[in-house]
Amino acid sequence: MEIITNSVEMKQCDTNTIAHYGVPSLVLMERAALGVLEEIKGRGLLGRPALVICGLGNNGGDGLAIARLLHLSGSPVTVLIADKEEKMSAETKQQYEILARYGIAVVHELQELPLASRGPGAQELPWASGRPPAEPSGSCFRLVVDALFGIGLGREIQGTCRQWLEYANSLNAFRLAVDIPSGINAGDGQVMGCAFLADLTVTFAYRKLGHLLYPGSRYCGEVVVKDIGITRESWLGASPSCLAYGREELALLPRRPAYSNKGTFGKVLVIAGKKNMAGAAVFSAQAALASGCGLVKVFTAEENRVIVQQLIPEAILETYDPNEDAQSVAGKLAAQLSWADAAVAGPGIGTEEPAISLVECVLRQSRIPVVLDADGLNICGERPGLLAEHSGPVIITPHLGEMARLTGLKIPKIRQRLLPAARDAARTQNVVCVLKDARTVIATPKGQCYVNTSGNHGMATAGSGDVLTGILAALLAQGMKPEEAAPLGVYLHGLSGDAAALKAGHSGMMARDILWGIRSVCADAERDRTDEGL
């Protein structure tokens, strides 16, 4: 399992390594510089004329050390740094003094750069338009290293620094960011005014949330993590607030004993699908079976009978008449809940009666774990307090629009603070919150958060969310706790989409391809267990 940090946690780990373990800050800085140089060398970039843009803090100190190592390795180097030596951190000032002794070129203004690197209209700097001109093919720089701000930036970039970043982005060069592209918030991935657009980001110890969350992820390019001596010991017993699952966590998938029957692997009740929405029920039920569940029963509107029986004959079917008294329909559902080990509630059921009574019944009467999705969430959004009445464990799986209806927050606000929004909902409603976006995040009632790193844009297709609900319900039915099933299920769902993309491509991917992906990923996991003798 991978630790994902924010700027506060990373700074504390850095401080603990220095103050508690006695590792000098300059040692960490030199190891960071060596890690960057290793990546530059490995990509065949040594020897290219390089521009290193440095700030006054320790990220700038990393940049100055990188510039020195590039110089000693035979690369022509120019350093661009503000002429404010008195504001440099102690380590950066020391690196600056070392650099001067080597005679490496240092400039303090864009106008001081070689004219060939500044392009047409260079004499007009700074650019009146606020954007640099297109950079010609004759530029002298072929490598640009951004060491301006790093993870500590907490304000919007303006003025001279903005001009420097816009200029760097205009160059026809390989762009490398040190730790995180300047202008990207390390805690939430937001762009603070403008940001360096990197081809490669070399970060240290751990990936940061800003590397993973959008739009920051788009600015990072490839992200490589380098060990500089900050390890799990540097947390001094504290627990990381955010984690990410990797392939090794597939070992957590429920085991399948040889002496078993279909009841051994759990029973899922799928409450989904009104008239003309049978697909939601079908995809959730198929996903539950593909994820290892032994028995699935679909509780759906009578109009869906033929479709469900034709498309998923493996499932048991129980229908209701939408014109029947809502309380009578809820009574039928209560009897079915006593049969199941876990339930899906909400996909495609609508937001009118009898759907309202079905959701009320599930939340108020059920003691089994429930995955509440889609219309189930919209019904709760229209009835404040209903979600908090749940009797059993609940996983909610809202996308941004459903989260907005559930919480009253605007979508842009939620998008800017995905983890806090998920964490708040999990805590206040006592649920596990799976907040779906291009990078899905998961939060438990106790505050543990996860960011999902699997999946791709091809999964932005109808029925994909229904597949996820089926996966989650299957894991719950097989005995996993909600706080365990949610991050594993989301990761499995993303891996299944990645497998589907190899077969169907991104543009042509459909929910049925993700279903095939589930079986492919689970089969690989079983083979891995067999090979390892587990």
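These are my notebook entries on what I looked up in this structure, which is a predicted model.

**Overall chain**

I began with the chain as a whole, and I noted 18 helices and 19 strands in it. The C-alpha atoms fill a box of roughly 85 × 55 × 40 Å when the box is taken along the principal axes. Of the 534 residues, 55% count as buried.

**Helices α3 and α4**

I turned next to helix α3, residues 58–72, and helix α4, residues 90–101, whose axes come within 8 Å and cross at roughly 20 degrees. That angle makes α3 roughly parallel to α4, because angles under 35 degrees count as roughly parallel. I recorded the crossing of α3 and α4 as left-handed. On the α3 side the contact is made by Asn58, Gly60, Gly61, Leu64, Ala65, Ala67 and Arg68, and these meet Glu91, Thr92, Gln95, Tyr96, Ile98 and Leu99 in α4. Sorted by type, the residues of this contact are six nonpolar, five polar and two charged.

**Helix α11**

For helix α11, residues 355–365, I wanted to know how many of its 11 residues are buried. The count is eight, and the helix is thus mostly covered. The buried residues that I listed in α11 are Ala355, Ile356, Ser357, Leu358, Val359, Cys361, Val362 and Leu363.

**Gln336**

I looked up Gln336, which lies in helix α10, residues 326–337. Is Gln336 buried or exposed? Its relative accessible area is 10%, and Gln336 is therefore buried, since the cut-off is under 20%. Leaving aside residues up to four places away in sequence, I found Gln336 touching Leu269, Lys297, Phe299 and Glu318.

**Aromatic pairs**

The structure holds three aromatic pairs, and I followed up two of the pairs, including that of Tyr206 and Trp235, which is edge-to-face with 6.0 Å centre to centre and 65 degrees between the planes. Tyr206 sits in the loop between β7 (200–204) and β8 (207–208), while Trp235 sits in the loop between β9 (222–226) and β10 (242–244), so the pair ties together parts that are 29 residues apart in sequence. Both partners are buried, Tyr206 at 10% relative accessibility and Trp235 with a relative accessible area of 6%.

Tyr245 and Tyr450 also form an edge-to-face pair, with 5.6 Å centre to centre and 85 degrees between the planes. This pair links distant parts of the chain, 205 residues apart, as Tyr245 is in the loop between β10 and β11 (267–271) and Tyr450 is in strand β19, residues 449–451. I noted Tyr245 as buried with a relative accessible area of 9%, and Tyr450 as buried with a relative accessible area of 10%.

**Pro254**

My last entry concerns Pro254, which is found in the loop between β10 and β11. With a relative accessible area of 17%, Pro254 is buried. Which residues does Pro254 touch, not counting residues up to four places away in sequence? I found Leu475, Gln478, Met480 and Arg529. I also looked up the separation of Pro254 and Arg218, which are 36 residues apart along the chain, and their C-alpha atoms are separated by 35 Å.

Technical notes: Residues numbered from 1 in each chain as written. Predicted model: local features only at pLDDT ≥ 70, side-chain atom pairs only at ≥ 80, totals over all residues. Heavy atoms only, no water. Axes fitted to C-alpha atoms, helices over the stretch in contact; angles between N-to-C directions. Helix = DSSP H or I, 4+ residues; strand = E, 2+ residues; numbered from the N terminus. Parallel < 35°, antiparallel > 145°, perpendicular 65-115°, else oblique. Left-handed = near helix turned anticlockwise from the far one by under 90°. Contact = heavy atoms within 4.5 Å. Nonpolar A, V, L, I, M, F, W, Y, C, P; charged D, E, K, R; others polar. Buried < 20%, exposed > 50% of the residue type's maximum accessible area, 1.4 Å probe, protein only. Phe/Tyr/Trp six-rings, centres within 6.5 Å; stacked < 30°, edge-to-face > 60°.
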